[in-house]
Amino acid sequence: MASDDFFYAVTILSSVAAGLLFRKVTGEENRRWLSTLLGVVLLYVLCGSDCWHFVITVVGNCIIICFPQLSSKCHLYSFVWNFGYLAVFRTVHLVGLPAPSPIANAAQLFLTLRMIGLAFDVYDSRVLVSTKKGESGDALDQNQLLIKYTAIAPNAKDIFCFAFCYIGSLTGPYYKYHIYRDWLRQPNPEKIPLQEPLIAKARPLPAIVVTYLVCSYFFSIKYVETDEFYENPFWFRLFYMVPMFMVFRTRLYTAWLLSECMCITAGFAAYPTQANSKCGSGPTDFAALDKAEKEGAEKYDYETVHNLDIYGCELAPLTKQGLRSWNMTVQYWLATYIHRRVPPPLKPYRVSVTMGVSAFWHGIHPGYYLSFLTVPPILMAEEAMAAAFRKDATPGGQQLFDWGCWFFKMRGFDYMCMGFLLLKLGATLRYWHSIYFAGHLVMVFFLVLGNVGKVLMRSRGKREGGADDGGKQRRD
């Protein structure tokens, strides 16, 4: 295991253990400063002098959110500031400054999401308060609860502490400020269940870790970058992307499951089950939440920070379902702050816009863009094929279609994963060329076949409809 991976793993495991401490700490200020101190120490130990990037990012966001002159469009200014600085962060080596470490890059990624999401939520809170506070009638109680539980107005101290809270600083999950605030104000954290949800979440980890260690021992992306690799036969080159995606996803599965364990040990984002919490957004039934806070809750869940659905990643038949099951809180961030807020002129292209933003967030390497921008046509091909061949099929035919779709979904992820791992334009295209751009060819084939099939199905429907009408007329 690489040294960065080793220190990364030790840090996450330490954070999981540290959560047990917070179950014994009460008082909003005590929890706020202790979680901030732990976050700052972890970042400094792992990132060293790279921490100045984090400070600049947070100071810029504080200015944008706290200055009245910028508050009316703080969400847009924050988006430009954070993504603009992310570009600077990744190119400082071009002007002679040290390039940030991979761990610092991971921290900067989640800090960017946290700061932009905070600015959007501050803006939404101001709109919410200005439009809902004066309303009267049946909706009054609901509006008051919505404001009580979701409206935020953080000052500079709040923003700093939220930015450097140790939970999720290196691995995610992404969470909103009001979820962090609820955690600080937990009245009886020691009463929140620990053992059962922790065991349930950690149960898949041994098998995942063993799979990662075995596959990473026998297969390496560095081999793909050598001339020797391309002397192997076609079938070997084509097959190689399958174990590489296995290495890629089991490594991430491990980090994401441990990050959820970190939340569970700290009691972070634990809400009463009746509050109907959703991934990323938190509770949705605020009346039930308010009642549970007053009367006490018997059951809690961690759906707010549920970041990985292994079943969906591995067995869902459609690419869209697989993507939604993968790094779910980041998917929520992209859906909430990008996909749903694309300006009207760009609405027809919002999937491509969202994929482009996601690619830029991941990095500036061409491999990210080659992979992410392959997603929209894959989604179109799946949609066309489903409309042509699944919609009117028998139950057995639909099941057969789903298994075939699952197989090609996984091969599509294998194919795109190579762009994520090789990163460079030449290296990615060299590998894809060595397998004759099989992923793109299959995608185009299914896109054409699906659209032709839809046309034929419509023509067949019209003929059958016409025949039925003619027979009816003759009978009349």
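Student: Which way does α11 pass α13, in a left-handed or a right-handed crossing?
Tutor: The crossing of α11 past α13 is left-handed. Keep in mind that this is a predicted model.

Student: OK. At what angle do the axes of α11 and α13 cross, and how close do they come?
Tutor: Roughly 140°, with the axes coming within 9 Å. Here α11 covers residues 205-218 and α13 covers residues 234-266.

Student: Are α11 and α13 oblique or roughly antiparallel, then?
Tutor: Oblique. The cut-off for roughly antiparallel is over 145 degrees, and the crossing of α11 and α13 is at roughly 140°, so the pair counts as oblique.

Student: Which residues make that contact between α11 and α13?
Tutor: On the α11 side they are Leu205, Ile208, Val209, Thr211, Tyr212, Cys215, Ser216 and Phe218. From α13 you get Tyr240, Met246, Val247, Thr250, Arg251, Tyr253, Thr254, Leu257 and Leu258.

Student: And how many are nonpolar, polar or charged?
Tutor: The contact of α11 with α13 has 12 nonpolar residues, four polar ones and one charged.

Student: Let's switch to α21 and α22. How do those two pack?
Tutor: Helix α21 (residues 395-422) meets helix α22 (residues 425-434) at an angle of about 150°, and their axes are 8 Å apart. That angle makes the two roughly antiparallel. Their crossing is right-handed.

Student: What about α2 and α8, at what angle do they pack?
Tutor: About 50°, with the axes 8 Å apart, for α2 (residues 28-47) and α8 (residues 156-164). They are therefore oblique to each other, and α2 passes α8 in a left-handed crossing.

Student: Who's in the contact of α2 and α8?
Tutor: For α2, it's Glu29, Arg32, Trp33, Ser35, Thr36, Gly39, Val40 and Leu43. For α8, it's Lys157, Asp158, Phe160, Cys161 and Phe164. Those residues divide into six nonpolar, three polar and four charged.

Student: I was also looking at Cys62. Is Cys62 buried or exposed?
Tutor: Buried, at a relative accessible area of 13%. Cys62 lies in helix α3, residues 51-66.

Student: What does Cys62 touch beyond its sequence neighbours?
Tutor: Leaving aside residues within four places in sequence, Cys62 is in contact with Phe67, Ala156 and Ile159.

Student: New topic: where is Asn327?
Tutor: In the loop between α16 (319-324) and α17 (328-337). Asn327 is buried, with a relative accessible area of 8%.

Student: Which side chain does the Asn327 side chain make a polar contact with?
Tutor: That of Asn307, at 3.2 Å. Not counting residues up to four places away in sequence, Asn327 touches Trp256 and Asn307.

Student: And α17, how many of its residues are buried?
Tutor: Eight of the 10, so α17 is largely enclosed by the rest of the structure. The buried ones are Met328, Thr329, Val330, Tyr332, Trp333, Leu334, Thr336 and Tyr337.

Conventions. Residues numbered from 1 in each chain as written. Predicted model: local features only at pLDDT ≥ 70, side-chain atom pairs only at ≥ 80, totals over all residues. Heavy atoms only, no water. Helix = DSSP H or I, 4+ residues; strand = E, 2+ residues; numbered from the N terminus. Buried < 20%, exposed > 50% of the residue type's maximum accessible area, 1.4 Å probe, protein only. Polar contact = N/O pair within 3.5 Å; in protein donor to acceptor, adjacent residues only side chain to side chain. Contact = heavy atoms within 4.5 Å. Axes fitted to C-alpha atoms, helices over the stretch in contact; angles between N-to-C directions. Parallel < 35°, antiparallel > 145°, perpendicular 65-115°, else oblique. Left-handed = near helix turned anticlockwise from the far one by under 90°. Nonpolar A, V, L, I, M, F, W, Y, C, P; charged D, E, K, R; others polar.
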